[in-house]
Amino acid sequence: MSRESIRPPPDGTWLRAVLDAMVEAVLVVDADGRIALTNRALDAMTSEDVRGRRAKNVIKNERLREAMRDARKKRRATEVELEASVRGRARIFHALVSPLPKRAGAVAVLRDVTPIKDLERLRRDFVANASHELRTPLTSIRGFAETLVDGAVADPAATHRFLEAILRQTKRLQRLAEDLAVLARAESTDEPLAANVFDLRTIAAHVATALGPRADELGVKLRVSTPRRAVRTEANASAVEQVLTNLVDNALKHSKRGGRVVIAVQGAVTLARVEVRDTGRGIAAQHHARIFERFYRVDAGRTRSDGGAAVGGTGLGLAIVKHLVERMRGSVSVESAIGKGATFRVELPRPSR
Ligand SMILES: Nc1ncnc2c1ncn2[C@@H]1O[C@H](COP(=O)(O)OP(=O)(O)OP(=O)(O)O)[C@@H](O)[C@H]1O
Ligand SMILES: [Mg+2]
């Protein structure tokens with residue numbers, strides 16, 4: 001077919017089809033300021049058909065309304081960023097408003113930039129959090145070192161206490177660096193992790209053995225509960241080990257002396273499940289959605305100020321858990337209430353054959 005033979009039909013059906021194929025919302029007003037044309041993306045933002053109505057009565061945002069008027073009357077193109085609620089959800093739009101030729105009206109093209117803005121905020125929060133996490137232990141290391149230099153070395157007991165505190169803070173920094181490296185690796189891609197078929201009971205036993213000494217130290221009883229038969233899953237064994245290690249570490253940390261932590265493995269038809277249950281202090285419902293975020297800690301004030309001696313972590317453990325589990329096509333959830341302990345449930349795919 002020669003290029004000359006492709007001619008859009010004169011009735012405008014092509015125009016509407018092309019506009020409907022766009023992700024951006026399009027709004028055209030005529031020379032009198034009436035809405036002449038919209039596309040599907042724009043219709044999805046408004047609950048009713050706005051064509052034929054006056055733009056100034058329809059457009060709620062003042063800056064966009066002015067931009068449309070300027071484009072129409074003064075033939076001036078503008079860019080506007082605006083917030084709007086679309087079906088009850090707050091969104092941020094970037095609007096490009098341009099005049100139509102021959103003073104025929106104006107066109108606005110609106111792009112939903114909410115996901116970009118969210119990412120920007122996430123990155124800003126991340127940098128702020130990371131620098132806070134670095135600063136806290138550094139400040140106290142510096143304080144202890146200065147006190148020693150200023151003469152405390154003369155007192156052997158104080159020296160020992162300060163050096164221990166410095167060592168504790170150094171360990172905290174080291175753990176933060178390690179967690180950040182693990183998280184960066186986990187988040188470097190969304191690609192599924194290499195998967196093998198293995199028995200979930202084996203990994204649960206490994207983790208219980210590895211964390212046994214820690215449980216003894218804290219006076220918490222750690223045990224594994226498994227069915228008699230193998231619970232086969234198709235996943236990445238070392239990622240599952242990391243996931244369970246983080247969950248059991250949390251369970252132990254938030255338990256009181258005399259508490260119990262159970263790693264329970266169960267097989268269902270379509271998925272393999274492993275739960276880490278504890279009898280610790282529990283997590284209030286309002287935190288459930290957020291604890292999987294990077295750096296989020298329920299009791300941030302206390303865990304930060306105690307210098308990381310007993311409870312304080314970096315708040316990265318569960319972010320790592322979530323990312324790894326999702327990359328194995330699995331899911332993780334929490335059930336908990338204050339004083340009722342917590343159960344973290346990980347579900348992983350069964351072998352495909
Ligand atoms: N089993 C649990 N019982 C009570 N609270 C928990 C439990 N697991 C997690 N939490 C809460 O969720 C927060 C986030 O957990 P996460 O593992 O991400 O961070 P962390 O343990 O503080 O630090 P990290 O694991 O990086 O050393 C914790 O600070 C804690 O407040
Ligand atoms: Mg943790």
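**Helix α10 and its surroundings**

Modeller: The buried residues of α10 pack against α6, α8, β11 (331-336) and β12 (342-349). Contact here means heavy atoms within 4.5 Å, and buried means under 20% relative accessible area, with exposed over 50% and partly exposed in between (1.4 Å probe, protein chains only). Helices (H or I, at least four residues) and strands (E, at least two) are DSSP runs, numbered from the N terminus.

The model is a predicted one, in which local features need pLDDT of at least 70 and side-chain atom pairs count only at pLDDT 80 or more, whereas totals for chains, interfaces and linings use all residues. Residues are numbered from 1 along each chain as its sequence is written, chains are lettered from A and ligands numbered from 1 in the order in which they are written, and side-chain values use heavy atoms, leaving out hydrogens and water.

Helix α10 is mostly covered, with 7 of its 10 residues buried. These are Leu318, Ala319, Ile320, Val321, His323, Leu324 and Val325.

Consider α8 as a partner. Helix α8 (residues 237-253) packs with helix α10 (residues 317-326) at an angle of about 150°, their axes lying 9 Å apart. Axes are lines fitted to C-alpha atoms, for helices over the stretch in contact, and angles run from 0 to 180 degrees between N-to-C directions. The angle makes α8 roughly antiparallel to α10; angles over 145 degrees count as roughly antiparallel, under 35 as roughly parallel, 65 to 115 as roughly perpendicular and the rest as oblique. On the α8 side, the contact is made by Ala239, Gln242, Val243, Asn246, Leu247 and Asn250, and on the α10 side by Gly317, Leu318, Ile320, Val321, Leu324 and Val325. The crossing of α8 past α10 is left-handed, a term for a near helix turned anticlockwise from the far one by less than a right angle, right-handed being the clockwise case.

The other helical partner is α6. Helices α6 and α10 pack at an angle of about 25°, and their axes are 10 Å apart. The two are therefore roughly parallel to each other, and their crossing is left-handed. Asp179, Val182, Leu183, Ala186 and Glu187 of α6 meet Ala319, Ile320, His323 and Leu324 of α10 in this contact.

Ala152 counts as buried because its relative accessibility is 16%. Leaving aside neighbours within four places in sequence, Ala152 is in contact with Thr147, Ala158, Thr159 and Phe162. Ser352 is 200 residues from Ala152 along the chain, and their C-alpha atoms are separated by 65 Å.

Helix α4 may be examined in the same manner. At 1.5 Å a residue, the 13 residues of α4 (residues 62-74) should span 18 Å, and the end C-alpha atoms are 17 Å apart, which agrees; the expected span is 1.5 Å times one less than the number of residues. At the start of α4, a side-chain oxygen of Asn61 comes to within 3.1 Å of the backbone nitrogen of Arg63. After α4 comes Arg75, which has a positive phi, near 50°. Buried in α4 are Leu64, Ala67, Met68, Asp70, Ala71 and Arg72, and their cover includes β1 (25-30), β3 (78-86), β4 (89-99) and β5 (105-112).

Val107 lies in β5 and is buried, with a relative accessible area of 18%. Apart from neighbours within four places in sequence, Val107 is in contact with Val26, Leu27, Val28, Met68, Leu96, Val97, Ser98 and Leu100.

Thr38, in strand β2 (residues 35-38), is buried at a relative accessible area of 0%. The side chain of Thr38 makes a polar contact with the side chain of Asp43 (2.9 Å). A polar contact is a pair of N or O atoms within 3.5 Å; within protein, one must be able to donate a hydrogen and the other to accept it, and residues adjacent in sequence count only if both atoms are side-chain atoms. Thr233 is in strand β8 (residues 232-235) and, at 0% relative accessibility, counts as buried. The side chain of Thr233 reaches the backbone oxygen of Pro349 at 2.8 Å.
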